[in-house]
Each structure stands twice: as structure tokens, then as C-alpha cells.
There are 4 protein chains.
Amino acid sequence: MSTIRVAINGYGVIGKRVADAVRQQEDMQLVGVADIAADWRIWPAIEKGIAVYATAPDRLAVMKETGLAPAGLLDDLLDQVDVVVDCTPKHVAAENVKTYRTRGVKFLVQGGEKHAVTGHSFVAESSYAGAVGRDATRVVSCNTTSIVRTLTALKTAGLLRRARGTLLRRATDPWESERGGIMNTIVPEPRIPSHQGPDARSVDPDLDVVTMAVKVPTTIAHLHYWSVQLTRPAAKQEVVAAFRASNRIALINTADGLTATNVVKELMGDLGRPRDSLYEVAVWEDMLTVQGDELFYAYMVDNQAIVIPDNIDAIRALTGQVPDANESISRTDTALGLGAGFR
Amino acid sequence: MSTIRVAINGYGVIGKRVADAVRQQEDMQLVGVADIAADWRIWPAIEKGIAVYATAPDRLAVMKETGLAPAGLLDDLLDQVDVVVDCTPKHVAAENVKTYRTRGVKFLVQGGEKHAVTGHSFVAESSYAGAVGRDATRVVSCNTTSIVRTLTALKTAGLLRRARGTLLRRATDPWESERGGIMNTIVPEPRIPSHQGPDARSVDPDLDVVTMAVKVPTTIAHLHYWSVQLTRPAAKQEVVAAFRASNRIALINTADGLTATNVVKELMGDLGRPRDSLYEVAVWEDMLTVQGDELFYAYMVDNQAIVIPDNIDAIRALTGQVPDANESISRTDTALGLGAGFR
Amino acid sequence: MSTIRVAINGYGVIGKRVADAVRQQEDMQLVGVADIAADWRIWPAIEKGIAVYATAPDRLAVMKETGLAPAGLLDDLLDQVDVVVDCTPKHVAAENVKTYRTRGVKFLVQGGEKHAVTGHSFVAESSYAGAVGRDATRVVSCNTTSIVRTLTALKTAGLLRRARGTLLRRATDPWESERGGIMNTIVPEPRIPSHQGPDARSVDPDLDVVTMAVKVPTTIAHLHYWSVQLTRPAAKQEVVAAFRASNRIALINTADGLTATNVVKELMGDLGRPRDSLYEVAVWEDMLTVQGDELFYAYMVDNQAIVIPDNIDAIRALTGQVPDANESISRTDTALGLGAGFR
Amino acid sequence: MSTIRVAINGYGVIGKRVADAVRQQEDMQLVGVADIAADWRIWPAIEKGIAVYATAPDRLAVMKETGLAPAGLLDDLLDQVDVVVDCTPKHVAAENVKTYRTRGVKFLVQGGEKHAVTGHSFVAESSYAGAVGRDATRVVSCNTTSIVRTLTALKTAGLLRRARGTLLRRATDPWESERGGIMNTIVPEPRIPSHQGPDARSVDPDLDVVTMAVKVPTTIAHLHYWSVQLTRPAAKQEVVAAFRASNRIALINTADGLTATNVVKELMGDLGRPRDSLYEVAVWEDMLTVQGDELFYAYMVDNQAIVIPDNIDAIRALTGQVPDANESISRTDTALGLGAGFR
């Protein structure tokens, strides 16, 4: 089995994390990253010895002027790789896709793009098989990834009838919170249901899920509340066991002092996770309640980190080298340190 | 019918608003307010010509020292009134109640106290009749008031089977946000279900309601999301009509630019409402969605203002002078300017 | 002396406050307001019985469609007034000025415009005389107004040599804090000195003042810190007396519980000030310190309210009906309730 | 030269960072850490293989119950070390000091304690020599450390006459921001001058420095603004060169996109710094302005990280093994990656 050669287009919030994660995989090689920026955002890539490419000739010129020593153009990079991970801003990727197709490079886009861009939507624990050997897939958004992971766990345990969720969304990311944020307010999404429910069904059409979404003034993480109709009355421990079966769902407890998103984030930094990343859906176990055939729970979603493992698995799936989902998931999780628990 | 003589014990967030509202009623007289504070919080009462009493002799001395010219002690105030509205901080009222009972003064406490303190819990549109002529009642909390108002509207229309809500709570009030707040985080209540569901049933035991609550970093207002199982498939306009039947539920639209809690609050100030008060539950009409027999909606709760009309009605109910709920509600709403809409 | 007929162009944060203040003056009449908006922002004007004009024919059509019953076009409004107060967003006014000049209507613009637009910059306590009878003036920004007021007080007392200030700016206004804000960060202005120092000298060229400015994540108010070189060693009480001589500087104390901007703002609401307006520069008296010939102090600036009195005075100055600054200031302050203190 | 054996008492914000930094030094050994906590805060120490001791028998019992496998009591730890770094909360250390003295263990306390506790206050670049061979010293607070570093640089260059600073303080740390924070307000310290100026003089009595401090609603970092009277008119490049001479002052530019505290913090994470630590005082070079003999500038202080290098140097100073400040500073900086710049 040959090493998978990977390019990242877009070295932003997701791109830089995928880049690091690719470098942690034994069966992958990060050939380079491409971006339009020539400022502080690129310095760390240079510092880490990553080859940096410009997305266009004018950007190449700027990079050279600022002394960044770029390795060439995106086109040069694409020539050298098996898969390109597109992490450009929302809706930009749709244009890039033409280039990837023309050049015959397999690619994956992020959840900001529409399902139709690739015709396949990806969450490793649900739709890996369908992506094996494809030309392209779309790793769904952070919110949708968390929904599919948790509902797939319930579905696998035979417990899921229908799920109704309220999604509290972080308003902006920390790196750009000096502009474009919200202050001292709560901002409901103007439409109910929100798009995440239908988006989850682009991964698994069997899910009966409705979501409502609202922006709150925090930069750290999303937090979801769920009211689930089970297929039958169940014991709390059945539900907990269903969640525990996934390495990508972490059970946490307020009784351990993990009482809020800021505390969980601090723990990730203390554990030495790169950029304090919480790759897992962190479900509060002691908060989770079953009443008859109804289940209520809440979890935290690190919107910057949660899709990183799925990006890695999606790369493998597209190459066709690892046909089995569990095999890929296991490799990814071992490399990233998932599944060992937080203590 | 004689003028109802009212005292307020505790001139804080609720007390000062009830004081103003009492002064707006034709059938009531504010005899005075009592408090422990002798600082800026009391200046406006003096400025408005309200008689200020001290809750204890040592506080009376401090008030005199700072030149506030207090009118006497709480005991003196209680001698002169028919009803005392207790607005002291959570759990303090339970002690005051002994005094009220000893002196034979009818009283009402706020939602921070337990139901057992008075044996009756009050939301005007649901439980007015049961409070008529009683010695005491308890006006439930802001969150519970909003729940009972909206679910009562659905129940009255024959539409309510069961309701599951996620309650986003403001973390602290503006006046004390220089301490004790939360910053850049989301803090789930450690227990699911939260207490508001059972509390709503202290007003109306028939309600099938489960709530989950979470604190978010804003000072302005709460915001609730609901997933309701209706008794039957319904049209959106039936639900809207059910809500519109109440003066204390205001229908607002994002299409008018009322897109978030801060905007709605600004409108209240622009309309000249005292302290920018939103007395109504503000339900987003264009967001509200019915899917078959399921209803989804969100509303804003001004936690400082929403219980004020109910406090006024509760005063009337206790005196027994206005046996009919609708008569009292109508008087209160007219005096406070409810029901005219925002445009 | 005839009643001054006033128009407001731009019914936003400043415009709506000036409108209310004009209506409180005995010698003025608010003929109408003009705006482009046809949403919730206009409802309160209609509710208050203010004649609303559209700034352009297409906006007139939209207003009619939404049932707002507009009174006509801005041009119609300008025909009926002596003075128009331009409160349109930053840099928009520069274009409007041509219209005002063509029509021969006296006008005043706000501090977002350049000094050259009118050739005169206005703070009542410093430059009233120079505006008497002029065609136009510019009421400087909230920050600059506070600087000129306080430094003028020190200058008048013969105490001011030079002043160096650090200006903490609120990041955005409450009504639009659901977008465009900053979150959990501090954002320095990229240039030192900031523009407020030179702007203060557009009002009074004698001031030796340098400012540095920084945005902080709050919506309530600005807060300035000053380090002032006095002309000579002075006693604290001399400085306090200098500030106390102005009705538009309010001395407050942390010892009264007025410890932060949120608390002071709450007090304004409790006092019944419209929209909780703090028109004064609120200087903390017990914080103010003199060390030899150096003075240190901090004050709060309600950026939405502080320029309102100066707008009123500027209207009078332009008409020439009240040549004396003190006479106008006194009328304005009496109408708005300044100078009575907060207790 | 023997390896310095180090204990940390208090595994909190500072303690856990010092622990990691000690482990990065070639001439030091972290023998263990002591704490009272038995929850998530201790898990990472266990995970990293650090020996954890309990500060008291009852805490030892709790640690054992929760399965943490503690190594013993603080007393056992103190027996094995040359120096103990006290990182317990403010004012707790004063009591611990008696134990350290009784047992004859050299110790250092943090800036929350008074100067008198050790009789010596430490910033490596200013007062290292005075700590060599002492029994104890006190590493001053984050704010004071930044002041002494920058003013020492100006003093060394012969440029400093007197400095007047406004200190914007972060309101609380991220790990505990789910409680005890401030929201949407600005909170001035009630006393001017604030304590940081005198505290800087506890390190270097020659400094002529006055500070004013104010809390702002952010968790990320402090930000200081300075107005400095130079000894003579100077060129900007002289000042920049003075700052550049220190490894512990980093010059950054808004022109590189480093426009606010959140952006700089993100860069630290991208560079792989543990817990995104900014050990340096980050002075904005393109913002810094000289006008004649006056200097104006602003810098960012990562309050969680800035004192870590000084703690390491203080350990070395107490042992007497490295008499030369520059030698210690150089070792520390190399181990922690300071001085290489950010690009």
C-alpha cells in the first residue's frame, strides 16, 4: 500500500488542523498547502517546514515580496497529489472543483458546500462505505457531523425513532472575533427548521431529525440539546452504552468539574491536544436523562476540531486503499489520540 | 370599591418595576417601599416621591446618615397596607412571610420561593381564579410565566398535547453584570429536566411539559425554543390565532428587522416603555413552523419585565375586589399599554 | 422670538434622541423626521405622532406599501424648517449638504463628518459663540465632546497644561450588536495618536491633547482615562470644583455603588431618563487623584446621549436667536433635566 | 553542577505552566506537584506521568477514592527538592511559607503575595542578581512583570524619565469564566493610582511610574497603553532598538494582520506553543509613536504565560548555581523557544 499524497487548499481554521492531522498519519504524506494569505496565518506553516503554494500568480508575487519563499502555484501542487482537501471559505470551493476535476485529482470539500457539489456527504461512522473509491466527497459541517455521529450510535443500538434538537451555535471563531461577532444578544436563525436536520439526511436519509438553531455570544463551541423519541422505553445505561461504543463520542460529567464549554476546552489544552482540539462529541453523561421512551441530553461540539478525523477518513476512503470504515477510523483515532479517554 | 393600598418589600429589579406599575393603576395606591440599601439604588425612589422605609433599625440609621430621609420601618409600612409584594432576593422572602402572617397582611412572593410558601402559584391567564380572596400567592418566575402563558394559549385552543423546551437563560442582570457573570462560554444546567417544567405544573398540573436549561453570556433576555406535540395536525394560522388571543403574547417578525433580543429591546426603549420593558412573551411569527402535528417556535422573555403584569393582577386577586381574571387583566394591560401592538 | 422649526434627517441612534430633545424645548418645534427605513425603526416615530418623510421617492413607495403613512419627501420637509439636523450615517451627510445649501436651509452635521464640511466644529461650552448666525456647524463626536467639555473646565480654571488620554471605546451600539461586534478580545486602534486629539483641537486649537484609542467588547459606553499635566501643583478640590462648575459634567462616586458603566446606566433608567440617557460626562470623583502638578481621572461617556444637548444648542446658535452660550445651555439643561444631580 | 530538583505547590493556571517549563529545562527535574483538587484539573498531570501529591491528608484520601494514585503528601514532596514554586491562590502562600522555612526548602511565591513575604521581588531582566543564593523571592504579577521588562529596556537605553500607564485587565481566566466574570461593562479599579506602579518599584525603586487599571470583558489577555516622558527627544528607531534588545519583548505589527489580542493568541497556538502561551510582552511596533520627547505605545500581556520564564530564572537564582542573569535567561529562552521571532 503506497503512501497517500495529500494537498490542502485553504490553510484556515479547518485546513491548518487537517494539515497537522495528515502529518500525524503513518499512511499519508502532506505534500503542501495552498492559500491566498501572505501574512501571519502562513508563518506557522513555514515554521513547521510545510511547503506553501500560492493559489494564483498574483498571490505568489505577494508571498515572494514578503519573503515567504513559496514553493509554487496550486497547479504545481495538484500535480503531485492523490487527494486534495478543499478547505477554502464557504462557496469558494464550488469553483475550485472544476480545476480538480479537470486535473483528475480526487477531492473532498467541506460542509459549507452543497451536497450536489460532490453527490456524496461524509461522516465516517455512517457513510464511509459509500465514499470508497469515489472521485469526491463532502465532509459535512461540524454541527451535522455531531448529529450524525450521535444519532447513528442510537440507531445502531436500535433505539432511535425521531430526534428534535436545539443547536446553540458559537457566533464566530476566536481568530476572527475582532470583527463580525455578536455582542450581548441571542440571535435565532430566521428559519425553523434549520438546515442541519436536512443536511444530516444527506448523509443518512433514514434519520427522522428536526433542528432549530440560534447564535449565542461565545467563540468556543456549539452546544446542542436533544429531545429524542426512542423506539421503546429504555434504561439510561443502554443509551450510555450506545454512545460509549463510539471513540468519537466522549462521555463527560459535571461531577468532575466539567461544567461548561470553557472548562472542557481548558482540559484539551492541558492534555496537550494541538490547538486544544476536542475531536469528539462531548456528551454530558450525568445530565443525560431517560423518561420512559423519551431521551434528553446535551453535548458540546468543538466546531474547529470535530470534522478533522472525518477529513482524514474521507481521504482514505476516496483512495480506495482502506475499504473498511472501522479500519480507517481506528488508524485515525490512534494517530490523533482518540478513544483513550480524558483521564 | 376602595383603593388598594400596596407596599413593596425589596426595591430591586422586580420591586422597582412593580412599584412603577402600581402607580400606573387607577385602583391602587403605592404606600411605600422598603429596602436595606441606602445607596444609588434608592435615589430614584426618593426622586419620584415614593416613601422609603427601612427593613430594620440598623438600616434606618444608615439611611438617615446618608441623608435619605426614610419614612420609617417596614413594620410601620405594613400597618398601612392591604397587600405587600415581597420582592426580596431568592429565599429571603420565606422568612418575611412569618411577619406578614403575624400582622395579617396579604402578601405575594416571587418565583424564587417555593410553591409551599404560599400553597398557590400564580400566572394571571391560568390561575387567577384560585387566588381570589386568598391570603397569599406566589407569582412564578419569568421563565415559568412565559411557559404557562404560551402553553395555556395552546391548551385553550385545544391544540396542546405535550411540550418539550430548551431554555436559553441570560446569565445575569445588567445592573449587576460587573460581577458574577459568565464570559465567552455556555453553561448547561447540571440537571435535566430543569425545574421550570415542574414549576409550570405548580400553576397548571395538566401541562405535559419538560424543560432543559442553559446559561448563555448575555444580560438582555431569555430565549426559549419549543418542540410541541399537538393534539392533531394543524395549520400555522390556528396556532398564530391561539397566541394572538392573548394580550400578553406579542407576535413579532424577523422580516420587520426584529431579528434578535437586542433589537426587540431597543424597540421597547424607542416606544418609551419604562426601563425598555417587554412585558409580553415575544413569539417570532415568521419563524413559527407546523409540520403535521408538530409545532416548533421560539420566543424572547424579558426576565426583568414579564412578571410585572402578573404581580399587579395577583394584588387584585388577593383583595377579592375583582373576582374576574379578564377584568383584572384588562385593567392592568390598559394601564401598562399592552395589547396595542408595537406599531 | 419665533419658534425654531427643526427637521431631523436620519432617525437613528442620534436622530431619534435629538428628535425627542427638540420636542422637549419650549422654543423649538419638530416639524418632521426623514429616513430611508420602513421597518421597526420608524414605528416609534409614527406612534409618537411625529411626521415621517422619506429621503427619496423609492423609499416613499416602500413606506406606503408597509402602511406607514409617510408625510412626503425630505424636500417637502426642508421647505418648512429653519434648521435641519443631519444624523445620517458617517460620510453620508457630506452629500446631503449640497441639498441643504441649495435650498438655503441652515444645517448641522455630526462628528462622523470632517471639519471642512462646515468649517466650524461645535461643543456648546467651548465654541458656541463662533456658531451664532452661521449657516452650518458640526457637532463633534461623543468622544471629542467629552474631551472638550472636561478640558475646557480645566482650562477655564487655569489648570490645564497638557492632557494625555487613553480612550476605551464601546465596540458597537446595542441596537445593532447582533452583527458587526467584537467578541472576547481587545482591539487597539492601529494608529497612535488617535484622531480624537486633533479633533478636539478643531473646536479649540489651544488644547494640548494626545489620545490613544482601543475597542473593548461592550456596547454600553466609552470610558476614558486621563493623565494631565497641570499648570501648577493643585489641590484635588480645585479640580473637582472646576468640573462641578459645568452642568454637563456629573461627579459620581464608587462609594455610592456606582462602580462601573452598567451600574451608572441602570441608574439613568431608574431616574426615568428617556432611553436611559446619560447626557453628562460622568467623572468618578473619589477615583480622581492629584499628585503634585499631575492629575489622573477617569470618566464614562454614553456615546448615544452625550451629544444631544450640544445638538440642541447648535440649533439655537445657528438661528442667531440666542447669542449667549450660557442662556442656551441653561434652557437646554432645564428642559432635559441636567444639573439637578442624580440624587 | 547538579540537577535542580523542583516541586510545584498548586497545579493551577501558573503551576501547570511552570511544571511544563521546568520539564523543558536541561538543568532541572520536576519531582512532583501538589494540589488540593482531585478532579479534571489533575488528570493531565497524571496523564503526563507527573507525580501528584496531596496538600493535606484529607485531600490524599479524596484523591485515592477517585482513583488518582497520589504519590503522597506535600511534606513528602518537600523532602526531595531544592526549591518549591508556590503557585497557590492569592494570599494562601503566606501560610505555606512557614512550612517551607521550617523545612529549610528554598521557595518562590507569586505576585499575589506581598513583597514582605520574601523581602525580594523578581523580574529576571531587572533583579536577578539580588536573588542569587537567597532563600526566597517573589515573582511579581503578570502586569508588573510586563511593566518592569519594558521600562527596564527603556532605562537601559538611557531613555526613561517617567511613565504613565493605563492597564486594561482581562476580567477572568478562560478556565473559570463560567463564573465570576463581568458582562458587557467596563469596571475601573476604584483607586488611582493602581497598585502596579508601586509594585514595579518593589523590583526597581528607580522607576518613576504611575498606573491606572480597569477591567474589561475579555478572558484572553491584558493590554497596556503608555505615555512616557523620555530623557530627551528621540527617534522611533532608538526606542524600537531598545525593546528589540530583549528576547522577552516581541515586536509585532498590525500590518501583518496581528490587529488584536485574539489574533496574536491564535498565532501562538498555530506555532505550537503549549497552551498557546505568549511568554513575551508583545509591543505593537507600527503603532508605537515618538513625538519629541514623548513616547506612546501599547502592548499585550498574556497573563497566564508571561511570568513563566521568570519563574524558571528565579528557581536558578535561588540555588546560586547560575550567578549570571544573562546565562540563566539564555538557557530559559532557548528551552522555551523565545527569541526566535514569530516568523
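## A covered strand in chain B

Strand β1 of chain B, residues 4-9, is mostly covered, since five of its six residues are buried. The model discussed here is predicted. As a general point, the strands of a sheet pair through backbone hydrogen bonds, and the pairing may be parallel or antiparallel. In chain B, β1(B) pairs with strand β2, residues 28-35, in the parallel sense, and six bridges join the two. One position may be followed in particular: the bridge partner of Ile4(B) in β2(B) is Met28(B).

## The sheet of chain A

Eight strands of chain A form an open sheet with parallel pairing, in the order β4-β3-β2-β1-β5-β6-β8-β7. Its edge strands are β4 (72-73) and β7 (121-122) of chain A, each of which pairs on one side only. Within this sheet, strand β5 (residues 83-86) of chain A runs parallel to strand β6 (residues 106-109) of chain A, and three bridges connect them. Val85(A) is found opposite Leu108(A) in β6(A).

A helix accompanies these strands. Helix α5 of chain A, residues 93-103, packs on the sheet and touches β1 (4-9), β5 and β6 of chain A. The direction of α5 makes about 170° with that of β6(A).

## The sheet of chain D and its helices

In chain D, an open sheet of eight strands has parallel pairing and the order β4-β3-β2-β1-β5-β6-β8-β7. Why is one side of β4 (72-73) and of β7 (121-122) of chain D left without a neighbour in the sheet? These two strands stand at the edges, and each has a single partner strand, so one side of each has no neighbour there. Ala54(D) stands opposite Leu73(D) in β4(D).

Helix α1 (residues 13-23) of chain D lies across β1 (4-9), β2 (28-35) and β5 (83-86) of chain D, and runs at about 160° to β2(D). Helix α3 (residues 57-65) of chain D lies across β2, β3 and β4 of chain D, at about 130° to β3(D).

## A helix with one buried face

Which residues of helix α8 (residues 196-203) of chain B are buried? They are Gln196(B), Gly197(B), Asp199(B), Ala200(B) and Val203(B). Viewed down the axis of α8(B), these buried residues fall within an arc of 160°, so they line one face of the helix. The elements covering them include β7 (121-122), α6 (124-131), β8 (136-139), α7 (142-156), β9 (160-170) and β11 (209-216) of chain B.

Ile308(C) belongs to helix α11 (residues 308-319) of chain C. Is Ile308(C) buried or exposed? With a relative accessible area of 0%, Ile308(C) is buried. Residues up to four places away in sequence aside, Ile308(C) touches Ile14(C), Arg17(C), Val18(C), Ala21(C) and Tyr279(C). Ile308(C) and Tyr279(C) are 29 residues apart in sequence, while their C-alpha atoms are 7.0 Å apart in space.

Thr219(D) lies in a loop of chain D, between β11 (209-216) and β12 (222-230). Thr219(D) has a relative accessible area of 4% and is buried. Apart from neighbours within four places in sequence, Thr219(D) is in contact with Met183(B), Asn184(C), Arg170(D), Thr172(D), Asp173(D), Pro174(D) and Ser177(D).

## Contacts between chains

The contact between chain B and chain A takes 42 residues from chain B and 42 residues from chain A. Together these chains bury about 3400 Å², of which 62% is on carbon and sulfur atoms. On the side of chain B, Ile186(B), Ile192(B) and Tyr225(B) lose the most area to chain A, together 20% of what that side buries. Four salt bridges are counted between chain B and chain A. Arg164(B) forms a salt bridge with Glu294(A), with the closest N and O atoms 2.8 Å apart.

Chain B also meets chain C, in a contact that takes 33 residues from chain B and 33 residues from chain C. About 2900 Å² is buried between chain B and chain C, 54% of it on carbon and sulfur atoms. How many salt bridges are counted between chain B and chain C? The count is six salt bridges. Asp270(C) forms a salt bridge with Lys16(B), the closest N and O atoms being 2.8 Å apart.

Conventions: Residues numbered from 1 in each chain as written. Chains lettered and ligands numbered in written order. Predicted model: local features only at pLDDT ≥ 70, side-chain atom pairs only at ≥ 80, totals over all residues. Heavy atoms only, no water. Pairing = 2+ DSSP bridges. Helix = DSSP H or I, 4+ residues; strand = E, 2+ residues; numbered from the N terminus. Contact = heavy atoms within 4.5 Å. Axes fitted to C-alpha atoms, helices over the stretch in contact; angles between N-to-C directions. Buried < 20%, exposed > 50% of the residue type's maximum accessible area, 1.4 Å probe, protein only. Arc of directions from axis to C-beta. Buried area = accessible area lost by both parts, 1.4 Å probe. Salt bridge = Lys/Arg side-chain N within 4 Å of Asp/Glu carboxyl O.
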